[in-house]
Every structure is written in structure tokens, then in C-alpha cells.
Amino acid sequence: MWVEALELLLEKLKPKINFSKVVAVSGSGQQHGSVYWKKGSQAVLSSLDPGKSLVSQLKDAFSTMDSPIWMDSSTTKQCREIENAVGGALELSELTGSRAYERFTGPQIRKIYQTAPHIYENTERISLVSSFMASILAGCYASIDETDGAGMNLMDINQRTWSKAVLEATAPDLEQKLGNLAPAYAAAGRISSYFVERHQFDKNCLVIQWSGDNPNSLAGLTLNTPGDLAISLGTSDTVFGITAEAKPSLEGHVFPNPVEPDGYMVMLCYKNGSLTREDVRNQCAEKSWDVFNNYLEKTPPLNGGKLGFYYKDHEILPPLPVGFHRYIVENFNDASSNNLKEHEVQEFDPQSEVRAIVEGQMLSMRGHAERFGMPNPPKRIIATGGASSNESILKLIAQIFGCPVFTVERPDSASLGAALRAAHGWLCKEEGGFVPISRMYTGNLEKTSLGAKLAVPAPGEEGRELLKKYTVLMKKRMEIERRLVEKIGRA
């Protein structure tokens, strides 16, 4: 399917783009997903016939036709085994930037090794989705880049090399199946002759390392100021920022910054994003975003103390199973103390349900971001992803975080970031070494579609009073969440 998607994409682009003028290409791949090349596939990859489709030539190149992706939650056992082998969850986090997560590639590889050893044995190379696509374009196995490689629970976050201890805890002979790591700005090679002859690319066109969707979003938002946060509202919701030093903890993730080799990006990821909001919309708002937004506007902030936890899928943060939990905090509007009591209910009225899903998601983001050491309050938030065009949601983000919210002209920050990184990789190659990506747009940012525009200003005096109440509600939510994790959590 990945291969067919690439072919379809190139066919759709052909009438719009003169491929012979492209000097460098990179891309964005779903983070954590993995592909398993069968023994002997390197030879197939390097001798593709431009007269035939990619699908017809690569259909037998894989030791398994399945590609585990970030939505998979079936590797809890493997996560615990890997953590235990290195001394615990915090030790693994300090080593690799994250504790073991079910969607991360290391636990997924271990599961294949344990449950289908014949597949693992017959695998010559394991690629991430990003390095898989770069491999096809380059006609040889492309390295995994250091930023996407940090989403595997296998890489030493400080040394930027594979961790021998974690490799041994995952599967035998794993390092040779993974190949070398490479910086995100490096060239994987020149484009394969297959694309030169079939699609008329220039033979000198560079293939720059592809990376994961979240690192590419960071590049596309030109996030380069500590104190800024980005919130991506997509199928999954993510919160990310940048930092000069790695301080991993038991939640969240630390990755190398894809455009600044000495720095890091920090990230929180929620599996229940837009699809869960859409589910509530379908059940409570007549399957209409207009009705959903109308409800959100009509209900008062704080929702009368109603707190909802909506997990249509197994949640990553917090590690809770599928389920829905609703609480009403008693006398919340009169309360000034933190000693609030709550009681559980089966359901809210439709309007309150709509506010509870959005308010709950944003309160959770703020609570976990503060616990992870992200700025509080942020200097500003840049919102991206499909739901960033929803003004009602942006207004709520500003109220709960207590800072201005900006949006970018282009909500597809991951693909834009990949294009920027292609240009950056080309520039680094021309200069003979790394140069800061800001060289490409310093002084010109606001004249381009890269510039962020103010969508909701920082709260005024009245908003600051509301912010204090949201802070109390956020603490209560985190307290209830902690009890839920202790009672039914997967970790």
C-alpha cells in the first residue's frame, strides 16, 4: 500500500510539476511504522525496470506484507520486557528519550521476533516508513534518520547511536538489520535511475533523509524559540516544543531536533484526537461541525464543573484502555480551594458533552505539558492540523493555557516541513556541512506562507480570573486521571 501510494502521488503530481527541475526531494512518514525487507531485496531495489510499475516489482520484496503502525497497542508485554532488561522505565527513558510505548518500533520488532521468528529470520533490513520511502527513491537502503530513529526505543538519545543494551533486549542481530543512523539533513543519495527514466527527474536530484510526521511538523512551523509550543490537532493530537538539553521523564518524548543537530524537540502524544471529537459530534451534535461549534459557544467556560475522559482507542497519555468516564465537580463555581469533591455520572446533556470533550483534551494537554517541564504559560501557541481552522477550539486553547494562539496559513505543516528540509539538505550538501535552516528564511519569514498569524490574543483581566479557575479544574482532572491509571491503567 505504501508503494502504491507513492506511485499514485507521482502520477497526480506529473501534470503539475516539471520533475526535471527538482534538485532535492524529502518527505514525511507516519512516525513509528515499520517495513520488513526480505533477504535479497537490496538487489531488486537497485535494478528496478522503468518500464514496469513499482508495485509489480516490489510485491515480493517483503518478509511480511503487514506494516505495524502507531495505532497498534498490542505490545504491552514486550514493552515491559524491554524496560525490565535495562533496569526500568525511567532508565529506558533516560537512555532513549522515552519509556517503552506500544506503538514504538522496538517493541513491535520484538513482538515479530517472538511470535513470527521465521519472518524476523527472513528479514534483511527493517525500515521505518520514512526511510522506506527514501530507499525506494534512492534505489538502495536509506539510513534511518536520528530524529525518527528516536521514536523506536532503540537509539541512545545523547550519543545518537543504536544502544547496544536495548538492541540486545529487543531481538538478536538487530543492528545489522537496522543499518546505520544518519542526521536528518544528510543526503541518502541521488535519485534512482528508475525515476529519472520513468518520471524524468534530473539524475543529480538529491534524496534527503525522510523523517517522521511530528519532526517534519516542527520544521514546517519554523519552531525555533524556546517558550513557544505547537499543538497539532489531527487524527492524534500532539504538543511539542524545543529545548537545548534532553531531560527525559516517565511521560512524553525527547527526540533530536530535525533541523538543529545540537538541540532537541520534546513532545506529548494523544491517540484520541480528531476521530474521538468526531465521534462525540456524531452522537451529540447531529453529525454537524456547525452544531458542534454552536454547542461549544453556547455552553459556559468550565462547563459547570463537568469533566469528561473520552477514550475511543487505547490512550497513550495517560495509558488508559478504551472507555468513557464522566464526573461532576461539586459546587465548582463557588469553590476557591483545591479540596474539591466530585461524583461520577453516566452521561452529560449533548451541549455539555461537546464542551467536555474539547475542554477535557485541552486541560489534559496543559496538565501533562506542565508536568513534563514545558513552559507555563507558553509565550505563545502555534496551532496546526485539521482542527486548527476551528475558531471555537482555538479560543478554548487560549483560555486554558493563558497565552495567545497563532495559526499558520498552511495547516499541512508536516509535508511543508519535509519540503523545507529537502531545501535545507540541499543547502548543507552545497556548503559541504551543516548550516542552520534559518539561513533559508531569516528576514523573510513574514513575507511567506511560513509566517504565523495571531488567531486569538492572550486573555485580558477577565480571562486571567478564568485562567485561575481552569488551573484548579486542571489539577482536579489530573488527580482523577491518576486514580484511573492506578485502577485500570495499562502501565
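Where is Pro-377 found? I looked there to start with: Pro-377 sits in the loop between helix 16 and strand 19 (380-384). Here helices (H or I, at least four residues) and strands (E, at least two) are DSSP runs, numbered from the N terminus.

**Ground rules**

I am working with a predicted model, in which local features need pLDDT of at least 70 and side-chain atom pairs count only at pLDDT 80 or more, while totals for chains, interfaces and linings use all residues. Residues are numbered from 1 along each chain as its sequence is written, and side-chain values use heavy atoms, with hydrogens and water left out.

Most residues other than glycine have a negative phi, and most peptide bonds are trans. I went looking for exceptions. Asn-376 and Pro-377 are joined by a cis peptide bond, with omega about -10°. I noted another cis bond between Leu-317 and Pro-318, where omega is about 0°. Pro-318 belongs to the loop between strand 16 and strand 17 (323-329). Asn-153 is not a glycine, yet its phi is positive, at about 65°. I placed Asn-153 in the loop between helix 9 (146-149) and strand 6 (155-156).

Two packed helices are described by the angle between their axes and the distance between the axes. For my notes, axes are lines fitted to C-alpha atoms, for helices over the stretch in contact, and angles run from 0 to 180 degrees between N-to-C directions. Angles under 35 degrees count as roughly parallel, over 145 as roughly antiparallel, 65 to 115 as roughly perpendicular and the rest as oblique.

Contact (heavy atoms within 4.5 Å) involves residues of helix 16 including Arg-355, Glu-359, Ser-364 and Arg-371, and residues of helix 19 including Tyr-470, Met-474, Arg-477 and Glu-481. The classes are: Ala, Val, Leu, Ile, Met, Phe, Trp, Tyr, Cys and Pro as nonpolar, Asp, Glu, Lys and Arg as charged, and the others, Gly among them, as polar.

Helix 15 (residues 289-298) was my next partner, and its axis comes within 8 Å of that of helix 16, crossing at roughly 90°. That makes helix 15 roughly perpendicular to helix 16. On the helix 15 side I found Phe-292, Tyr-295, Leu-296 and Lys-298, which meet Pro-350, Gln-351, Val-354, Arg-355, Ile-357 and Val-358 in helix 16. This contact divides into 7 nonpolar, 1 polar and 2 charged residues.

**Cavities**

How many cavities of 30 Å³ or more does the structure hold? I count 3. On a 1 Å grid over the protein atoms alone, a cavity is a set of points where a 1.4 Å probe fits but cannot get out, and a pocket is an open set with protein on both sides within 12 Å along at least five of seven lines; lining residues have an atom within 4 Å of a point. Grid points are joined across faces, edges and corners, and a volume is the space filled by probe spheres set on the points.

The largest cavity holds about 130 Å³. I see 16 residues lining it, with Tyr-270, Tyr-311, Gln-361, Ser-364 and Arg-477 nearest its centre. Helix 16 turns up again here, giving the largest share of the lining with 6 residues. By class, I have 8 nonpolar, 5 polar and 3 charged residues in that lining.

The second largest cavity has about 60 Å³ of space. Among the residues lining it I noted Glu-146, Arg-160, Tyr-185 and Asn-257.

**The largest pocket, and helix 1**

I put the largest pocket at about 670 Å³. It is lined by 24 residues, and Leu-9, Leu-13, Val-25, Ser-26 and Trp-210 are the closest to its centre. Helix 1 gives the most to this lining, with 6 residues. The lining has 19 nonpolar, 5 polar and no charged residues.

I finished with helix 1 (residues 2-13) against helix 8 (residues 129-138): the axes come within 11 Å and cross at roughly 55°. The pair is therefore oblique. Trp-2, Val-3 and Leu-6 of helix 1 meet Val-129, Phe-132, Met-133, Ile-136 and Leu-137 of helix 8.
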